[in-house]
Amino acid sequence: MDRLATAWAIFQGLLLEALPFLLIGVLISGLTRWLTPGGLWLQQLPRQPLLAPLTGAAMGFALPACECGNVPVARRLLAGGAPIGTALGFLFAAPVLNPIVLASTWAAFPDQPWLLAARPLAALLLALALTALLQQLSESQLLEPGLLAERRLNQPLHKLGLLERRSGLIGATPPPTPAATGTTATRADLNSVLEHCSREFLNLATLLVLGCAIAALVQTLLPRSWLLLVGGTPTLSVLGLMLMAVVVSVCSSVDAFLALGFAGQITPGALLAFLVLGPVVDLKLLGLFGVVLRPRAIALTAAGASLTVLLIGQWVNLLLL
Amino acid sequence: MGESATALIRPLALALWGSVLLSSSLSGRLDLLLRGAFHPLVGVSGVLLLALAIQQANRPSPSDRRSRRRWSLSCLLALAVLLVPPNPSFSDLAANRSGDPGGAGDQQTGLEFQLPPGQRSLTDWVRLLRSQPDPALYADDPVNISGFVLARPGEPAQLARLLVRCCLADASPVGLPVRWPRGFRPQADQWLAIRGRMGVERHDGRWQSVVIARQIRPIPRPPRPLEP
């Protein structure tokens, strides 16, 4: 019974900490929707395979939210017609590449300059790898059906295949797009933006509750000592800390302080793996990703991120041990 | 259910989540769950959600059955969080994290400013012992600390505190070994205030500081039990 009460308290702690960030993300997403009607500005973002994720990653500096807040913003980018690479680059890199997270890493590890450089670099590398991997899937295999439909509404018809269009006549000339004619789409009124925000917040909050409940239960039932037992072993320590990052599900803006507690007992590669994997893949995010990606793409993200982070951790251990 | 009633489910769910955040902020529940730096953010978010709920209640809009079902579930979850307050077992939580080295979660080495021994909190003592781990330096110093009893299987009970960086999910225990008076049986999770002296004991082949308890007083859990 004690254990259940503790799990309930951890669940509430995770949830109450994450909900404000979710609200911030939803409000930023609503603001983007309001300021860029029709997503015209978003469609002008770079599409090149390398430049697109780099642009998305750089957007983290302008939108400093942790991973829960980033999901609604990434969803808005995709719904508004932003290039897939840019939106995915933002989704995967921005939780680390933002001023708050970099400052907290510096505050926690001022005596480890290598980490201050390695964390953003590794996050960028991970975002590039995941973006390249997920772009092997078609949009319909990658994006959640509701999001895909919304995205297609905001894309010019000439960019869609015949089967992807849900209206129009085969052989007919597609109507000119606002971008082509130089006209601007009308700005949605504030009430409808707020209504959209409230719907999005409630849908995401329900999924967040699910993620927090799983994270709290696993944390309570799985002793942390098991994950730290392998601290000194190069490969196992990286794996152990990766698992810990997934289980603990703590916000990326404070995970460096948590890592401070066991940094002295683990290999440098494991420390970096903890700080890079957690913001991209954790139990709390499990449900939230479902509003952006299809289950297969989520599985691919988890597998790709784990493999990339394992390799990065191993490489760092090879260099520094 | 009438159409106007179903249109109000969304504002109701928003209002309930807003109430969860705001009431947690005002009732002191956050003191048990989150580090102080996050409290204003939670309170402001609660106010924003309540304002959004009022704005949306004035403009009810239709929604499909699936969304209504999801929001009804959201209402129930928010009600559960609102009505069932957290009551964690700190001892259970700390024992689960006993692998954290040195009772860590904290590597602050050395205190910038050292309080006189009698004014040091349990956390101050742990940080001091970690930065200058020679037990002889503190022998016979007066000790006046409070914390909860951390009982780990196969180990003598310690007096402990939880350090939190973000929320209860990352809480890490710090503890001090205590030589309990003969006949006194500390109960796990019980909050105690201890007066005594710092002694030196041999444990597992090495000397360590131990609190020799002279006066033990049960106390209620403090309003802010987590330490930064």
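I began with the domains, whose bounds come from an automatic or database domain assignment. The model is predicted, local features need pLDDT of at least 70, side-chain atom pairs count only at pLDDT 80 or more, and totals for chains, interfaces and linings use all residues. Residues are numbered from 1 along each chain as its sequence is written, while chains are lettered from A and ligands numbered from 1 in the order in which they are written.

**Domains of chain B.** I found that chain B is divided into domain 1 (3-83) and domain 2 (90-227), and that the centres of these two domains, taken over C-alpha atoms, are separated by 39 Å. I then looked up their contact (C-beta atoms, placed from the backbone, within 7 Å) and noted that six residues of domain 1 of chain B touch eight residues of domain 2 of chain B.

**Two helices of chain B.** Helices here are DSSP runs (H or I, at least four residues), numbered from the N terminus. I saw that the axes (lines fitted to C-alpha atoms over the stretch in contact, with angles from 0 to 180 degrees between N-to-C directions) of α2 (residues 9-27) and α5 (residues 65-83) of chain B come within 9 Å and cross at roughly 20°. That makes α2(B) roughly parallel to α5(B), a term for angles under 35 degrees. Among the residues that make the contact, I listed Leu16(B) and Trp17(B) of α2(B) and Trp71(B) and Cys75(B) of α5(B).

**Chain A against chain B.** I noted that the contact takes 46 residues from chain A and 50 residues from chain B. On the side of chain A that touches chain B, the largest share, 16 residues, comes from α1(A).

Technical notes:
Two residues are in contact if their C-beta atoms, placed from the backbone, lie within 7 Å. Angles under 35 degrees count as roughly parallel, over 145 as roughly antiparallel, 65 to 115 as roughly perpendicular and the rest as oblique.
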